[in-house]
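Subject: Structure handover

Hi,

Here is the structure I promised to pass on. Please open it and keep it beside you while you read my notes.

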Amino acid sequence: MSQTARFQETLRRLAIIDETFVEEAAGTCLGPAGALTLDPRTALLLQLGALVATGASPECLQWSTGRAMAAGVADDEIADVLLAIAPVAGIGRVFSAAPEVAIALGYDITAALEELDDRSPADTESAQHGRGGRESLNQIVNSLFHVSLSLHAAAAGVPVDAAREFISDALQRLDQAICEIRRHALISRDQNYRVESGPEHPEFGSNSTR
């Protein structure tokens, strides 16, 4: 079969939803890819990228990463897949997938970040401010995520009373997120003001002693 005829046959079978053909050719039954012209390593990297782009579950991401590793794909290549698909999949999807891929690679990101914090001067005001900023950002993101869930639920054709509850919950969480953003902005402004002001000038100190 020529290459032209092969791609036509592939597209025709996909168009008529030929599940048996897809299972045999693409290895969707957890087995190796069959009649693909792509080499197995490339096919597995593409599958991993597709899972990340579609927001697959942590288990699927770890499983797909493990399959790629078993096929001899290097850790750097797997990490580069995340960078390569970020412009089209969205940074949020890539950020969410990175910890799960790291687990499959045997790299504990959480422990690594804690180790970096331990090496930094933890008692300095800037370090404390940085940790507080990360915590605030997490709270804001979680609040906005729940706002989105509530609004989607309200728009899903539920009864009026239930929709009102979802909208009320969304507004409450949105208020919390706004308050947290304002609080963090005030802290950041105060921090920047103290840094820009700097320590007292020596002459001020000398005048006070006269």
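Helix 5 and helix 6 are roughly antiparallel to each other, because their packing angle is about 160° and angles over 145 degrees count that way. Their axes lie 8 Å apart. The crossing of helix 5 with helix 6 is right-handed. One caution before you go on: this is a predicted model.

Which residues of helix 5 and helix 6 meet? From helix 5 come Ile78, Leu82, Ile85, Ala86 and Ala89. From helix 6 come Ile91, Arg93, Val94, Ala98 and Val101. By class, the contact of helix 5 with helix 6 holds 9 nonpolar residues, no polar ones and 1 charged one.

Now the whole protein. It has 10 helices and 0 strands. Along the sequence, that reads α-α-α-α-α-α-α-α-α-α. The protein has 210 residues, and 20% of them are buried. Take the contacts between residues at least 6 apart in sequence: 55% of these join residues at least 24 apart.

Next, helix 3 and its partners.

Start with helix 4. Helix 3 covers residues 40-53, and helix 4 covers residues 58-70. Their axes come within 9 Å and cross at roughly 165°. That angle makes helix 3 roughly antiparallel to helix 4. The crossing of these two helices is left-handed. On the helix 3 side, the contact uses Leu44, Gln47, Leu48, Leu51 and Val52. On the helix 4 side, it uses Cys60, Leu61, Ser64, Thr65, Arg67 and Ala68. The contact of helix 3 with helix 4 counts 7 nonpolar, 3 polar and 1 charged residues.

Now turn to helix 5. The axes of helix 3 and helix 5 are 9 Å apart, and the packing angle is about 45°. Helix 3 and helix 5 are therefore oblique to each other. Their crossing is right-handed. Helix 3 brings Arg41, Leu45, Leu48, Gly49, Val52 and Ala53 to this contact. Helix 5 brings Glu77, Ile78, Val81, Leu82, Ile85 and Ala89. The contact of helix 3 with helix 5 divides into 9 nonpolar, 1 polar and 2 charged residues.

Then there is the core. How many residues are in the largest nonpolar core? It has 17 residues. Val52, Ile78 and Val94 have the most contacts inside it. Helix 3, helix 4, helix 5 (75-89) and helix 6 (91-104) each give two or more residues to this core. Helix 5 gives the most, with 6 residues.

Have a look at Val52 in the viewer. Leaving out residues up to four places away in sequence, Val52 touches Leu61, Leu82, Ile85, Arg93, Val94 and Ala97. Leu61 belongs to the helix 4 side of the contact with helix 3. Leu82 and Ile85 belong to the helix 5 side of the contact with helix 3.

Thr65 sits in helix 4. Is Thr65 buried or exposed? Thr65 is buried, because its relative accessible area is 0% and buried means under 20%. Beyond residues up to four places away in sequence, Thr65 touches Leu48, Ile78, Val101, Ala104 and Leu105. Ile78 is one of the core residues with the most contacts.

Val147 is in helix 8 (residues 125-154). Val147 is also buried, with a relative accessible area of 9%. Not counting residues up to four places away in sequence, Val147 touches Ala170, Arg173 and Leu174. The C-alpha atoms of Val147 and Phe166 are 8.8 Å apart. Along the chain, these two residues are 19 residues apart.

Ser168 lies in helix 9 (residues 160-197). How does Ser168 count, with a relative accessibility of 44%? Ser168 is partly exposed, because 44% falls between the 20% limit for buried and the 50% limit for exposed. The C-alpha atoms of Ser168 and Leu151 are separated by 9.5 Å. Ser168 and Leu151 are 17 residues apart along the chain.

That is the handover. Send me your questions once you have looked around.

Best wishes

Notes:
Residues numbered from 1 in each chain as written. Predicted model: local features only at pLDDT ≥ 70, side-chain atom pairs only at ≥ 80, totals over all residues. Heavy atoms only, no water. Axes fitted to C-alpha atoms, helices over the stretch in contact; angles between N-to-C directions. Helix = DSSP H or I, 4+ residues; strand = E, 2+ residues; numbered from the N terminus. Parallel < 35°, antiparallel > 145°, perpendicular 65-115°, else oblique. Left-handed = near helix turned anticlockwise from the far one by under 90°. Contact = heavy atoms within 4.5 Å. Nonpolar A, V, L, I, M, F, W, Y, C, P; charged D, E, K, R; others polar. Core = buried A, V, L, I, M, F, W, Y, C linked by side-chain atoms within 4.5 Å. Buried < 20%, exposed > 50% of the residue type's maximum accessible area, 1.4 Å probe, protein only.
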